[in-house]
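Subject: Handover of a structure for your review

Dear colleague,

Please find the structure below, together with a summary of what was found in it. I would be grateful if you would read the two side by side.

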Amino acid sequence: MIELRNVSLKYGEKEILHSVSLTIEDNTIKAILGPSGVGKSTILKLMLGLMRPTSGQVFVDGVEISSLSEAELFPIRRKMGMVFQGNALFDSMTISQNLGFFLRENLNLPEEEILRRVQEQIRFAGLEGYEEQLPESLSGGMRKRVAIGRALIFKPHMILFDEPTAGLDPVSSKKILSLISSLRQHNNLGAVIVTHIIDDVFNVADCAAVLYKGEIIFDDAAPKLHESEHPFIRSILSDKILEL
Amino acid sequence: MPVTLIRNIEKDLVYRLKDFFLTMQDFFLFGVRSFLTIPKIRRYWRDFLDQAKICGADSIPIVLVSAISIGSLLAIEVGNLLEDFGAKTMLGRSTSISVIRELGPLLMGLMLSARFGSRNGAELGAMKISEQIDALRAFGTDPIAKLVMPRLVAALIMFLPLTALSDFAGLYSAAYMAEHYHHLDPGIFWNSVYPRLALKDFVVGFAKAPVFAVIITLVSSFNGFSASGGTAGVGRSTIKGIVVSSGLVLIANFYVSKIVLENM
């Protein structure tokens, strides 16, 4: 379980997040919805300990992580996989090297086991035949699937998705969303999805939080978004995509 | 109005000073962490070999070109000057000291600042912008150990033979010019070189190699790690890395010479 308690974050004089409190239960898919540049991706980085809050606390499975050192954070980070918005694949490595990177770096596994797990993810992502290609030679949707496979390979409890369908064509978006839905069914995983596309929320999420002007203005089951009277939520329900 | 203006200037000055000292603190910690991760070199030996090839073998042509051109030019100009005093036989002595103590290591440092430093800044800056450095951290890898430490160790090791190569090429090109331009017998040239070179001349030259290695690698890598603002930001951080490391190489060149010569 991940919990943010009264988290605030400032960049210089500018306050990005103001007293944000959120809870993500295990084995649920929670979407964080909000306009671009409002601090949604920052929330994911706070959950991973990649950034530290100016005030407030971040708990992962009951451990307060915002005061931990980098070395102390490594075992916490292994509980979560992250799929970055731009995928953040290592561009000098092949697809199979990208997928096996974490295992080779951090786990003392025999090479046969690493190759077996890499092949498993290659099949899961439908990327057979692309193992030795560099990321630049793949389409946007394929790269996203590699990024998901890389996050899944070390069997985390929770996956954090930063704008998983941004910049993808409708067919690729649909594939990625069905891949995310299948994660819970097959792997019993929880997920946090940061998005500005409201259809993504209704397609995959159990619950949703809406971030607006640095504050959480809605945090409940996703279908209850329709019942909200908040003018911003009403406007995004009618516009579907937040182009702000 | 003037009071407001003065207050704004004061506020801006305080902000800039604070920013400068915070950057210096971050740079210091970055440098310390880079050295502290050196024991992990066995784990990242492949990265070390890649970087050793980039800053070592791949830099040979540019180091040779700069050393040969400066050695030749020095022999021509100094030879002309010595001829006026009838002391052309001292050409070997004067060029060898200039090349071994100062120009060989300095030119190598400046060339590597441009070549190795710019590559570091651009590569690491692009990785920072595309969140690859965050991805390393997210997957439990220390980005300094994986990306900076192999570069630092490679530079510390490879800059020494490059300095020797630069000295060698500079001296031989000077000897070639002495023979073919000033018509000085090679025996006279080399006789004025060897017996007069002292240990301190080599210590001055070779002590600069590790100093330049640390400056170039840490400054360029730190700037790459600090890149922000898209591709333009990568460009800015790369340029900043080259300008600052080149400036520091020039300053360090002076102080290393001064300290060694005063103490030997």
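A residue is called buried under 20% relative accessible area, exposed over 50% and partly exposed in between, with a 1.4 Å probe and protein chains only. By that criterion, 56% of the 244 residues in chain A are buried.

This is a predicted model, in which local features need pLDDT of at least 70 and side-chain atom pairs count only at pLDDT 80 or more, while totals for chains, interfaces and linings use all residues. Residues are numbered from 1 along each chain as its sequence is written, chains are lettered from A and ligands numbered from 1 in the order in which they are written, and side-chain values use heavy atoms, without hydrogens and water.

Chain A

The chain has eight helices and 10 strands, taken as DSSP runs numbered from the N terminus (helices H or I, at least four residues; strands E, at least two). Chain A is as compact as a globular protein of its length, because its radius of gyration of 18 Å is close to the 18 Å that the globule rule gives for 244 residues. That radius is taken over C-alpha atoms, and the rule is 2.2 Å times the number of residues to the power 0.38. The C-alpha trace of chain A spans about 55 × 40 × 35 Å along its principal axes. Of the contacts (heavy atoms within 4.5 Å) in chain A with a separation of 6 or more, 62% join residues 24 or more positions apart.

Nonpolar cores

A nonpolar core is a set of buried Ala, Val, Leu, Ile, Met, Phe, Trp, Tyr and Cys residues joined through side-chain atoms within 4.5 Å. The largest has 99 residues, and Leu4(A), Ile43(A), Met47(A), Leu160(A) and Phe161(A) have the most contacts inside it. Helix 5 of chain A (residues 140-152) supplies the largest share of this core, six residues. A second, separate core of 25 residues includes Ala52(B), Ala155(B), Ala213(B) and Val219(B).

Thr163(B) lies in helix 6 (residues 143-180) of chain B and is buried, at a relative accessible area of 0%. Beyond four places in sequence, Thr163(B) touches Pro105(B), Met108(B), Gly205(B), Phe206(B) and Ala209(B).

Asn80(B) belongs to helix 3 (residues 60-84) of chain B and is partly exposed, at 30% relative accessibility. Leaving aside neighbours within four places in sequence, Asn80(B) is in contact with Tyr181(B) and His182(B).

Yours sincerely
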